[in-house]
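This briefing covers the open pockets of the structure below and the surroundings of its ligand. Please read it with the sequence and model at hand.

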Amino acid sequence: MNVVSTRGGGPVALSAAIASGQAPDGGLFMPPEVPRFAAPWTESGDTLGERAVALLRPFFAGDALAAELDAIVRDSLTFDAPTRWFAGEPDTALLELFHGPTAAFKDFGARFLAACLQRLFRPDRAHTVLVATSGDTGAAVAAAFWRRPDVRVVVLYPDGRVSPRQAHQLGAFGENVHTFCVAGAFDDCQAMVKQAFADRALSERHGLVSANSISLGRLLPQMTYYAHASLTAVRAGRARPNFVVPTGNLGNAFACLMAREAGLPIGDVVLATNQNRVLPDFLASGEYRPQPSVATLANAMDVGAPSNLERLRHRFAAPAAAVRADWVDDETIRSTIRDTYERHGVAVCPHTACGLAVRHRLRANGAQGDWIVAATAHPAKFETVVEPLIGRALTPPQALAEILARPAHAAPLQPTLAALADALQ
Ligand SMILES: *Cc1c(COP(=O)(O)O)cnc(C)c1O
């Protein structure tokens with residue numbers, strides 16, 4: 001399929017859009033319409049992989065990567081996304097998106113994108129994947145490209161704004177992965193990356209490739225676990241589930257909205273943000289007022305200018321009719337982590353806690369039906385927040401433990417394009 005830019009440019013082939021990340025007119029690539037799945041969903045298989053291929057096939061129709069889709073899914077979606085309903089709260093579930101190598105949902109998008117890019121790279125050219133991260137993206141992208149020949153990964157993260165384990169993980173790859181801690185906030189890192197791509201000469205010289213959350217190559221695979229979760233729920237005899245998605249840059253949640261547009265049995269979609277409440281305020285007032293981000297316990301959602309908002313406004317004439325949003329302060333994050341552990345014996349990460357807090361507010365306000373909360377990271381990644389609240393140590397999943405066992409190194413970097421250009425040498 002050909003895709004278009006939110007700012008009117010295009011059309012370009014899907015694989016060209018995946019290779020370039022951002023549209024040349026500065027917009028974000030979008031499918032002109034979301035293909036509705038024609039065959040009955042019940043015939044699409046039972047596994048995440050089978051459903052992913054069925055869902056994504058029409059997007060890839062006629063594309064250079066069409067014949068590779070099965071292999072791309074097989075290479076990248078190698079772990080499951082189980083939905084776990086709470087025994088003591090049977091209308092609420094967690095969609096566990098943290099079973100990939102870096103224990104956050106970013107693994108789905110990063111690995112799928114890497115599998116696409118690897119098939120699109122020109123063998124005679126240098127490639128540098130440049131990525132700004134609020135904590136989890138950088139590690140997922142680094143893990144996806146680690147030790148791949150002819151690809152360098154450059155990761156920028158905001159110094160002091162990621163959890164100690166996230167910082168260790170970001171610096172633990174080495175070899176073809178170069179990690180920098182930037183004296184600034186995530187928004188500074190994102191701005192530096194944007195400026196680097198806008199600098200033609202710099203971008204050409206290093207063969208810069210984008211892997212940020214605006215990439216269609218990350219958005220499309222994120223639809224697949226919403227397809228999988230909603231179909232699994234309906235197959236088990238439930239009515240179409242509603243979703244709460246912890247949100248920062250709006251990538252994960254926008255994929256959920258796209259899955260619903262594809263015709264999947266998804267009811268309401270509600271965004272949960274932390275104190276960076278630009279999205280709830282936008283949906284309530286209709287006015288978009290980007291803010292400097294503030295640091296919260298759910299640091300991967302500390303975003304003051306959500307990059308995928310442009311997609312929401314492009315797709316929906318009335319965004320507030322398509323999606324709702326609420327926000328949560330740090331004290332509520334703490335109490336939700338504590339309560340979820342006391343009531344259910346389940347430890348959740350601070351981002352997932354935002355989602356659960358919003359789900360409980362929805363119930364208090366009379367919401368009916370089944371609700372699935374996206375559990376965006378494993379709690380052991382945020383142990384300095386979670387462990388004191390639940391009073392016990394958390395065991396990192398094995399893949400994460402292996403990365404954490406390696407020594408880590410990140411070089412300090414000033415938050416300027418000049419400093420980044422130097423570092424890229
Ligand atoms: C990135 C991230 C989020 C926010 O996802 P967006 O796609 O930016 O909205 C939430 N939770 C965790 C753990 C993350 O890593």
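The largest pocket has a lining of 22 residues, and Ala19, Ser20, Phe197, Ser203 and Leu208 lie nearest its centre. This is a predicted model, in which local features need pLDDT of at least 70 and side-chain atom pairs count only at pLDDT 80 or more, while totals for chains, interfaces and linings use all residues. Residues are numbered from 1 along each chain as its sequence is written, and side-chain values use heavy atoms, with hydrogens and water left out.

**Largest pocket**

- A pocket is an open set of points on a 1 Å grid over the protein atoms alone, where a 1.4 Å probe fits, with protein on both sides within 12 Å along at least five of seven lines; lining residues have an atom within 4 Å of a point.
- The largest pocket holds about 770 Å³ of space, a volume being the space filled by probe spheres set on the points, which are joined across faces, edges and corners.
- At least two lining residues come from each of α1 (14-20), α4 (106-120), α7 (186-198), α8 (200-206) and β9 (208-210); helices (H or I, at least four residues) and strands (E, at least two) are DSSP runs numbered from the N terminus.
- Its lining comprises ten nonpolar, seven polar and five charged residues, where Ala, Val, Leu, Ile, Met, Phe, Trp, Tyr, Cys and Pro count as nonpolar, Asp, Glu, Lys and Arg as charged, and the others, Gly among them, as polar.

**Second largest pocket**

- About 440 Å³ of space lies in the second largest pocket.
- Of its 21 lining residues, Gln22, Gln190, Lys194, Ile214 and Ser307 lie nearest the centre.
- α7 gives the largest share of this lining, six residues, and α12 (309-315) supplies at least two.
- The lining has nine nonpolar, seven polar and five charged residues.

**Ligand site**

- The ligand takes up the space of the largest cavity, a cavity being a set of grid points where the probe fits but cannot get out; a molecule sits in one if more than half of its atoms lie within 2 Å of its grid points.
- Around the ligand are 14 residues, each with a heavy atom within 4 Å of the molecule; Lys106, Asp136, Gly248, Asn249 and Thr376 come nearest.
- This shell has five nonpolar, seven polar and two charged residues.
- Ligand oxygen atoms lie 2.6 Å from a side-chain N or O atom of Lys106, 2.5 Å from a polar side-chain atom of Asp136 and 2.9 Å from a backbone N or O atom of Leu250.
- The protein buries 98% of the 380 Å² that the ligand exposes when taken alone, with accessible areas from the Shrake-Rupley method with a 1.4 Å probe.

Conventions:
A polar contact is a pair of N or O atoms within 3.5 Å; within protein, one must be able to donate a hydrogen and the other to accept it, and residues adjacent in sequence count only if both atoms are side-chain atoms.
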